[in-house]
Amino acid sequence: MRIDKFLKVSRIIKRRTIANEACDAGRVLINDKVVKASAEVKVGDIVEVLFGGKSVKIEVLSLKETTKKDEAQELFKYL
């Protein structure tokens with residue numbers, strides 16, 4: 001699954017276009033490497049998103065094309 005879609009489906013970032021812009025600005029890392037929006041994310045990957053002065057680091061637990069709001073927390077865990 002593409003990283004921009006995963007960020008949207010998991011509700012880490014609200015809209016896919018914003019996730020896409022974050023990737024283009026170099027604020028999204030997978031396993032400590034800056035990635036583009038088209039980068040593939042797999043189960044077990046460590047994703048870090050930089051929001052201004054703080055960063056959010058998560059581990060991918062599962063991948064789903066769509067999910068409900070309450071089930072979105074099951075896709076990842078905070079590190």
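**Loops, salt bridges and a charged patch**

In this predicted model, Asn31 occupies the loop that runs between strand E1 (28–30) and strand E2 (33–34). Its phi is near 50°, a positive value in a residue other than glycine. Asp32 is found in the loop between E1 and E2 as well, and phi of Asp32 is near 65°, again a positive value in a non-glycine residue. These values deserve attention because most residues other than glycine have a negative phi. With a relative accessibility of 39%, Asn31 counts as partly exposed, whereas Asp32, at 61%, counts as exposed because the threshold for that class is over 50%.

Ser10 lies between H1 and H2. Its relative accessible area is 2%, and Ser10 is therefore classed as buried. The side chain of Ser10 reaches the backbone oxygen of Leu7 at 3.4 Å. Arg15 is also found in the loop between helix H1 (3–9) and helix H2 (16–24). On the surface, Arg15 gathers with Lys8, Arg11, Lys14 and Lys69 in a patch of positive charge.

The salt bridges come next; the count is 4. Asp4 takes part in a salt bridge with Arg2, with a distance of 3.1 Å from N to O. Asp4 also forms a salt bridge with Arg16, where the closest N and O atoms are 3.3 Å apart. This second pair links distant parts of the chain, since Asp4 belongs to helix H1 and Arg16 to helix H2, 12 residues apart. Arg2 is partly exposed, with a relative accessible area of 31%, and Arg16 is partly exposed at 32%.

Another salt bridge involves the strands. Lys77 pairs with Glu59, the closest N and O atoms being 3.7 Å apart. Because Lys77 lies in strand E5 (residues 76–78) and Glu59 in strand E4 (residues 54–60), the pair ties together parts that are 18 residues apart in sequence. Lys77 is partly exposed, with a relative accessible area of 40%. Glu59, at 21% relative accessibility, also counts as partly exposed, because the buried class is limited to values under 20%.

How values were computed:
Residues are numbered from 1 along each chain as its sequence is written. This is a predicted model: local features need pLDDT of at least 70, side-chain atom pairs count only at pLDDT 80 or more; totals for chains, interfaces and linings use all residues. Side-chain values use heavy atoms; hydrogens and water are left out. Patches are made of residues with over 30% relative accessible area and no salt bridge: like charges are joined within 9 Å, nonpolar side chains (Val, Leu, Ile, Met, Phe, Trp, Tyr) within 5 Å. Accessible areas come from the Shrake-Rupley method with a 1.4 Å probe; for residues, only the protein chains shown count as cover. A salt bridge is a side-chain nitrogen of Lys or Arg within 4 Å of a carboxyl oxygen of Asp or Glu. Lys and Arg count as positive and Asp and Glu as negative; His and the chain ends are not counted. The place of a charge is taken as NZ of Lys, CZ of Arg, CG of Asp or CD of Glu. Helices (H or I, at least four residues) and strands (E, at least two) are DSSP runs, numbered from the N terminus. Buried means under 20% relative accessible area, exposed over 50%, partly exposed in between (1.4 Å probe, protein chains only). A polar contact is a pair of N or O atoms within 3.5 Å; within protein, one must be able to donate a hydrogen and the other to accept it, and residues adjacent in sequence count only if both atoms are side-chain atoms.
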